[in-house]
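Biologist: I am new to this structure and would like to learn how to read it, one feature at a time. Could we look at it together?

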Amino acid sequence: MSAGRKAGGKDELVQRELVVSARSGDHDAFSALAGSVVDRLYATAVLILRDHNEAEDATQETIVRAWRGLPSLRDPDRFDAWLRRLLVHACRDEGRRQSRRRVEVTLLPTHEPSVADASGQLVDRDVLERGFRRLSAEHRTVVVLHYYHGLSQPEIAAATGVPLGTVKSRLHHATHALRAALEADAREAGLTRGGVA
């Protein structure tokens, strides 16, 4: 199951029941609901914000906003989409707050590769990470929602609250920027090897 898609029917029914109970003020139901989504929210926030502390803050803010706004959620079946929208807004707010103070860039830890000689994979991951870091938070958001969560462009527009044309433009510019960064790193690597050989 992909990170951005709902689980099977039984899980959807359980989630719907929890949403209905939590909307009525049931703290235990909301705790169960929050516990079932917090890891997914955090993972998405890390991808968007590129900082673990900011991602924690955005995730916590999303949970708080969900608790406060849950009584106004009209359709319990739209909980996931509604929560995604709250997270995107919390990430945007956190990114704005932190951009005024940010000076240091924190690198994400890498996981050990499963094959013996994976230096090429690590280099590729590093190049992709550098390109991704160059994107604005708005561009990273559409890339994460599209490629990580598998959302369509109209779904991204609904989650971010921006027009569909803006989503298309951001996705186009983000992929162009990533491609340019990858090509620039490849040229740079070729020049470095060419100068040594």
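This is a predicted model: local features need pLDDT of at least 70, side-chain atom pairs count only at pLDDT 80 or more; totals for chains, interfaces and linings use all residues.

Biologist: How many helices and strands does the chain have?

Modeller: Helices (H or I, at least four residues) and strands (E, at least two) are DSSP runs, numbered from the N terminus. Here the chain has eight helices and zero strands.

Biologist: Which residues touch the most other members of the largest nonpolar core?

Modeller: In soluble globular proteins, nonpolar side chains tend to be buried together. A nonpolar core is a set of buried Ala, Val, Leu, Ile, Met, Phe, Trp, Tyr and Cys residues joined through side-chain atoms within 4.5 Å; buried means under 20% relative accessible area, exposed over 50%, and partly exposed in between (1.4 Å probe, protein chains only). In the largest core, of 41 residues, Phe-30, Leu-70, Phe-79, Trp-82, Leu-83 and Cys-91 touch the most other members. Helix 2 gives the most to this core, with ten residues.

Biologist: Where is Arg-170, and what is it in contact with?

Modeller: Arg-170 lies in helix 8 and is partly exposed, with a relative accessible area of 22%. Contact means heavy atoms within 4.5 Å; leaving aside neighbours within four places in sequence, Arg-170 is in contact with Glu-138, His-139, Val-142 and Val-162.

Key: Residues are numbered from 1 along each chain as its sequence is written. Side-chain values use heavy atoms; hydrogens and water are left out.
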